Amino acid sequence: CRHSYEIKISGHLSQRRFQAFEGWKVAPTAEGQTIISAEEIDQSALFGLLIGIRDLGIPLISVRRILDKE
């Protein structure tokens, strides 16, 4: 089953860390956070993304599933 997610992390990404998320939509916020959008991914891809965030030592703020609009 594939869903879309919005992952919020603390801080803005350096160029080196930004490259770790190539292929994902990454947007810094004015509040000093970063939103990573993952569209139509399965659970294993979501967990891979979260493990990458953990391995880089980036504080995770939230993970939100985007509900489909019908």
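User: Is Ser 37 buried or exposed?

Analyst: Ser 37 is buried, because its relative accessible area is 19%, and buried means under 20% relative accessible area, exposed over 50% and partly exposed in between (1.4 Å probe, protein chains only). Please note that this is a predicted model, in which local features need pLDDT of at least 70, side-chain atom pairs count only at pLDDT 80 or more, and totals for chains, interfaces and linings use all residues. Residues are numbered from 1 along each chain as its sequence is written, and side-chain values use heavy atoms, leaving out hydrogens and water.

User: What does Ser 37 touch?

Analyst: Not counting residues up to four places away in sequence, Ser 37 touches Tyr 5, Trp 24 and Lys 25 (contact means heavy atoms within 4.5 Å).

User: Which strand is Ser 37 found in?

Analyst: Ser 37 belongs to strand E3; strands (E, at least two residues) are DSSP runs, numbered from the N terminus. Ser 37 is also the bridge partner of Glu 6.

User: How many bridges pair E1 with E3?

Analyst: Seven bridges pair strand E1 (residues 3–10) with E3 in the antiparallel sense. Two strands pair if DSSP finds at least two bridges between them.

User: Changing topic, what do E2 and E3 form?

Analyst: E2 and E3 form a hairpin with four residues between them, and Gly 32 in the turn has a positive phi of about 85°.
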